[in-house]
Amino acid sequence: MNRIPKYIKTGLLLVLWIVFLISSAEAVKGDKRKTLTLSLENGLDVLLVSDPDVHRSAAALSVGTGYLYDPKDKAGLAHYLEHMLFLGTKKYPEVGSYKKFLDSHSGGSNAYTSGNMTNYFFQVSHDGFNEALDRFSDFFKAPLFDKTYAEREVKAVNNEHEKNKLNDGWRGNYIAGRMSEPGHPIANFGTGNQETLSGDNQPALLEFYKKYYAAPNMKLSLISSMPMEVLSSVAQKYFSDIPTRPVNIPKLSPEFRKPLKGEYRLLKVKTIKDVRSLEIDFPTIRLKNHQASKPASIVGSVLGYEGKGSLLSKLKEEGLVLSLSAGGGSSHPDINSFGINISLTEKGLKEYERILELIFSYINMVREHGFEEYTFKETQAMAQINFDWKNPDEGMGFVAGKAALMQDYSLSDVETLPYLFTEYEPSAYKAVLETLTPENSMVVLSHNLAETDSTVPYYDAEYSLKKVGGKSFSKLSNPGKVEGAFYPLKNDFIPYNLSLVEENPHLVQDDERAKVWFKYDHRFKQPKVALTFRIETPKVYRSAKNLELAKLYEAMMQEGLNELVYPIQMAGLSYGLSIQKKGVLLSLGGYSERIGDLIKLVTKNLKEVKVDEQKFADIKEAMIRGLKNKKLGQAYSRGGYYNYLMLLQDQYTEEEKLAALTSITLSDVKAFAKTLYDKVYITGMVHGNWSDEKAQQSVDILLTALGSKPLPESERFDQVVEVMPEGERFRFSREVADNNNSLAYAIQVGEKDLSTLAQTSIIASIVESDFYTQMRTNQQLGYIVWSFHQRIEDRIFFRLVIQSSTHGPFEMSKRVNAWLASTEKLFSNLTDQEFARHQQSLIVALEKEGDSIGAVAGSLYSLATDEKGDFSFKKKMIQAIRDLKKTEVAQTAGKVFRDPGTPRLEILMRAKGSQEEVPEGVIAEVGQFKNRIKQ
């Protein structure tokens, strides 16, 4: 596939002293959304989006600096500064007040630091937008950088690094960065830790802030339901007094890794998990100079093609790889690369040189063949179609993306150019291709048995780097031709003729075989449709072996259909097939003109497994590794695993799954596919620009293809949740392979009903900020600190999760129990106004509808399945929240948090080699829990 790179944007735009530079670009044809771009007098560039239909307001401000500009003696300073801005400002000095305000107004916030950008963003209910902007903008005017919290926040940064320390992605990226030219900042340790940020950070922090945090180096994006003239004045009011001063961004050398002569670099990285990957990374041309033609995307679409005759097909044919993606990336306008990423089979790991030979042979073929103009025109057409009919996104993710793009695109282009291909530039495609040579490459081979001779600091990750020449290099610089691989053919599935139809929604089928709803889309008015079918079959969760057969079946279906479906997917259609305990979930979606082709193609192949023995063996082996790798997951993830083992009946262990998976053959899977759909019951939702007749036809096509008998309700799988007896408190502890400890606290609330759901929802909203501030900010227990209510089937729980590299799970347990005991004060001090704000916050969240046809279809499907077709469930929940009384909520909170009769389960994961003493009464086996609840 064509890789979607992580573009970490930065860019210097000249300060625009023009107050208003207006451009209009509607996000969706015919909608009410309006955009405005402008530059404030202080040099701050602004993008405003006014849309009366958005459910919450949101803002993002990006600063054109990141860890690439960290001082040499303060690695992680940019990231540390990001943290510090949340810890009080001159106007709002109370630590935690920003989060508390957002929590009480249906909001949330986050930030990230990348190579050359730091991006801050939040979302909030419309009535809280002005005050939230006042608080947010003060980050960039008068942060306190309070010394009281400065040392504590270093611990938070350190905890974040500890969370990442055993993550193969973080480790590999850091190693690859260190293979750059000596002294190049791409090798910086961007996260920082307690060591690099030791001592007094205040002088460096203030200097960095004054140097880079000025209006000309910032980009702001806002979205709200406010009329544009009001939104414009709001931007002026809160952000025009951000200080303006010249910002000089140091130039970075584009030669971050120079090409060799007659050799290529081979970097071997030893992973923690049993993974196998091969990445070829090439420094390439300055992509920012070609924003209109996007050559890396065009080249990536050819090399990453997955249809017939593709490089991927050839590699799979030889049993060497599982997947392949290609595309360009940038961590800075002057630091550009093109990458080919491959997931390897066991054979592929041994024969990686054969893979390299085939890749460079394919690149040579493309170089000799040249780029067909139809490749550009198809990409251009689909980009334009997707732009014309794109979804009206909203929220903090949407504005954060805009604020990031504004660092790299001019104000006049930022709403269109990132998404469109406006220039056909064969010379640029050729220029990218010319950089894809062995001598310009760094080949990164990652697996857990890699032979290494060096270690990087901070992560203690092992690697080796050598330069490969001689015959091995010659094979790559002069490879033979690839038989059976060719340039991608013209795609006949591009939907050029799109139109809308009008139909009323109907329940299209309701009988012993299926219950399927259709709802016409009146909101987005796009020529798209989404279909979701849950095909219930009793065979999936009958045994651990059946479950693994089903998962292998899922993988075989995706593999067998990939070449057939890929051209259709490139034309804006998609399908998904996944295994659930109840059966098989089939989803299809995209442009309605050609969706029928996809339905017919997928459904007629559902009972036929069309892969060979080699591909089966490769996929099965990858699944076995995946199961084994789960034991190496982070502590909080392992806590979640044991939580579900204990609280759910019919939950198979990893050992049971592994034992079952190991013995399964391809013949077993083929036989399973033939009988999987013997008896079925389908629950479905169809939503979009379609008709009642076409929705009915889709159900008929599916049922005909399956040829099934009806599945009676008594034979359908039903998940049972364990009930902990009144007054019981369970503590379970195990040692894990991670370097972190964790606590997962589950408090059993009771059976699901509207009143209980409403009460636990508002309780979670009220306590979230306090729990986070106490556990993370004040007590510095860890980076991961979560509190939330959880519904599992028809039972409700309240959950608390902490992961820590500095505190053991039993110490965390003491502190969490002390916090639970303190919640009486939290609720007794709650004012009527604060309670009303939490109510409104929940109502706003419930009123939010999906921001695409697919998202709405997903919500409707959940109501069809989880709520048994009660499509008024959200309205009932909103009314239940409106009916809540503060006194009854406080009473319920007391029962949940402080009543000794309320059952609860603590899952306490101890880091590898932990010396913490395990108290008496703590169980270590799931069976002990199961036996006690049955007594």
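What follows is a set of questions and answers about a predicted model.

Reader: Before we start, what pLDDT do local features need here?

Author: Residues are numbered from 1 along each chain as its sequence is written, and side-chain values use heavy atoms, with hydrogens and water left out. This is a predicted model in which side-chain atom pairs count only at pLDDT 80 or more, totals for chains, interfaces and linings use all residues, and local features need pLDDT of at least 70.

Reader: How many cavities of 30 Å³ or more are there, and what volume has the largest cavity?

Author: A cavity is a set of points on a 1 Å grid over the protein atoms alone where a 1.4 Å probe fits but cannot get out. Points are joined across faces, edges and corners, and the volume is the space filled by probe spheres set on them. By that rule you get 4 cavities of 30 Å³ or more, and the largest cavity comes to about 60 Å³.

Reader: How do the lining residues of the largest cavity divide by class?

Author: Lining residues have an atom within 4 Å of a point, and here they are F86, G88, T89, Y92, E94, G96, S97, Y98, R135 and F139. For the classes, Ala, Val, Leu, Ile, Met, Phe, Trp, Tyr, Cys and Pro count as nonpolar, Asp, Glu, Lys and Arg as charged, and the others, Gly among them, as polar. That gives 4 nonpolar, 4 polar and 2 charged.

Reader: Which residues line the second largest cavity?

Author: This one holds about 40 Å³ of space. Its lining has 3 nonpolar, 2 polar and 2 charged residues. By name, they are M556, M557, G560, L561, N605, E608 and K610.

Reader: How many aromatic pairs are there, and why is F86 with Y98 called tilted?

Author: Rings of Phe, Tyr and Trp (its six-membered ring) pair if their centres lie within 6.5 Å; planes under 30 degrees apart are stacked, over 60 edge-to-face, and the rest tilted. The count comes to 41 aromatic pairs. In one of them, the ring centres of F86 and Y98 are 6.0 Å apart and the planes stand at 55°, so the pair is tilted.

Reader: Which residues do ring pairs link into a cluster with F86?

Author: Y98, its partner in the tilted pair, belongs to the cluster too.

Reader: Which ring does the charged end of K99 sit over?

Author: A charge sits over a ring if NZ of Lys or CZ of Arg is within 6 Å of the ring centre and within 35 degrees of the ring normal. R33 lies over the face of F398, at 5.4 Å from the ring centre. For K99, the distance is 4.9 Å, and the ring is that of Y772.

Reader: What relative accessibility does S106 have, and what does E793 have?

Author: Each has a positive phi of about 55° although it is not a glycine. S106 sits in the loop between helix 2 (97-103) and strand 4 (108-113), and E793 in the loop between strand 23 (784-792) and strand 24 (795-804). S106 counts as buried at 4%, and E793 as partly exposed at 39%.

Reader: Which strands stand at the edges of the open sheet of 7 strands?

Author: Two strands pair if DSSP finds at least two bridges between them. The order is 9-10-8-11-7-13-12, with mixed pairing. Inside that order, strand 7 (264-270) and strand 13 (462-468) pair in the antiparallel sense over 6 bridges, with L267 opposite L465. One side of each edge strand is left without a neighbour because each has a single partner: these are strand 9 (321-332) and strand 12 (454-455).

How values were computed
On a 1 Å grid over the protein atoms alone, a cavity is a set of points where a 1.4 Å probe fits but cannot get out, and a pocket is an open set with protein on both sides within 12 Å along at least five of seven lines; lining residues have an atom within 4 Å of a point. Helices (H or I, at least four residues) and strands (E, at least two) are DSSP runs, numbered from the N terminus. Buried means under 20% relative accessible area, exposed over 50%, partly exposed in between (1.4 Å probe, protein chains only).
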